[in-house]
Amino acid sequence: MTKTRIVTRACGHDEIETNFISKEISAEKLCKDCWIKKTAEKNQAIATAHNLPELTGSSKQIAWATTIRETLRLYIEAAEAGKTTGGPGLEKCHPLMGKTDAKFWIDNREAILKLEKKIED
Ligand SMILES: [Zn+2]
């Protein structure tokens, strides 16, 4: 049986943890819900700064899709700077940035999230 423990995250929420890391590191993390919310807010701010269109869908779908879209935006940015290895050409990526249906991003997340590995450090 897997050992679990309840930890209080930095946001004040309790969460069940299964993989034991040090208690100090564990307490500095946000719970999953707060992390998703914070990541979505960060990515939404980036999207606004880059004039990306607003996404449509449920708030959960939009939060998720915003993060997936940010991966593609970073890939395009890296590709334009010649800092990618392999991966699709910009002519295929650019039109996708206009997609506003959150479902599109979620349905295609596997292919899009893989692009992160094509970005050179
Ligand atoms: Zn929380």
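Predicted model: local features only at pLDDT ≥ 70, side-chain atom pairs only at ≥ 80, totals over all residues.
**First stop: helix α2**

Select residues 32–49, which make up α2; helices here are DSSP runs of H or I with at least four residues, strands are runs of E with at least two, and both are numbered from the N terminus.

Now move to Asn51, which lies in the loop between α2 and α3 (59–80). Asn51 has a positive phi of about 55° although it is not a glycine. Asn51 is also exposed, with 6 other C-beta atoms within 10 Å; a residue is called exposed at 12 or fewer such atoms, buried at 20 or more, and partly exposed in between, with C-beta atoms placed from the backbone.

**Second stop: helix α3**

Select residues 59–80 to see α3, whose 22 residues should span 32 Å and whose end C-alpha atoms are 31 Å apart, in agreement. Among the buried residues of α3 are Trp64, Ile68, Leu72 and Tyr75. The cover over the buried residues of α3 includes α2, α4 (90–93), α5 (102–107) and α6 (109–114).

Centre the view on Tyr75, which is buried, with 24 other C-beta atoms within 10 Å. Leaving aside neighbours within four places in sequence, Tyr75 is in contact with Thr84, Gly87, Cys93, Leu115, Lys118 and Ile119, contact being a distance within 7 Å between C-beta atoms placed from the backbone. Just after α3, Gly82 takes a positive phi of about 70°.

Select residues 5–8 and 14–17, the strands β1 and β2, which run antiparallel and are joined by four bridges; strands pair if DSSP finds at least two bridges between them. Arg5 stands opposite Glu17, and Val7 has Glu15 as its bridge partner. Five residues lie between the two strands of this hairpin, and in the turn Gly12 has a positive phi of about 95°.

**Last stop: the whole protein**

Colour the model by domain, using residues 1–30 for domain 1 and 32–118 for domain 2, with bounds that come from an automatic or database domain assignment. The centres of the two domains, taken over C-alpha atoms, are 29 Å apart, and four residues of domain 1 are in contact with four residues of domain 2.

Finally, colour by pLDDT, the predictor's confidence in each residue, from 0 to 100. The mean for the protein is 90, and 97% of its residues reach 70 or more. Confidence is lowest in helix α1 (residues 23–28), at a mean of 80, and highest in α5, at 97.

Note on methods
Residues numbered from 1 in each chain as written. Contact = placed C-beta atoms within 7 Å. Expected span 1.5 Å × (residues − 1).
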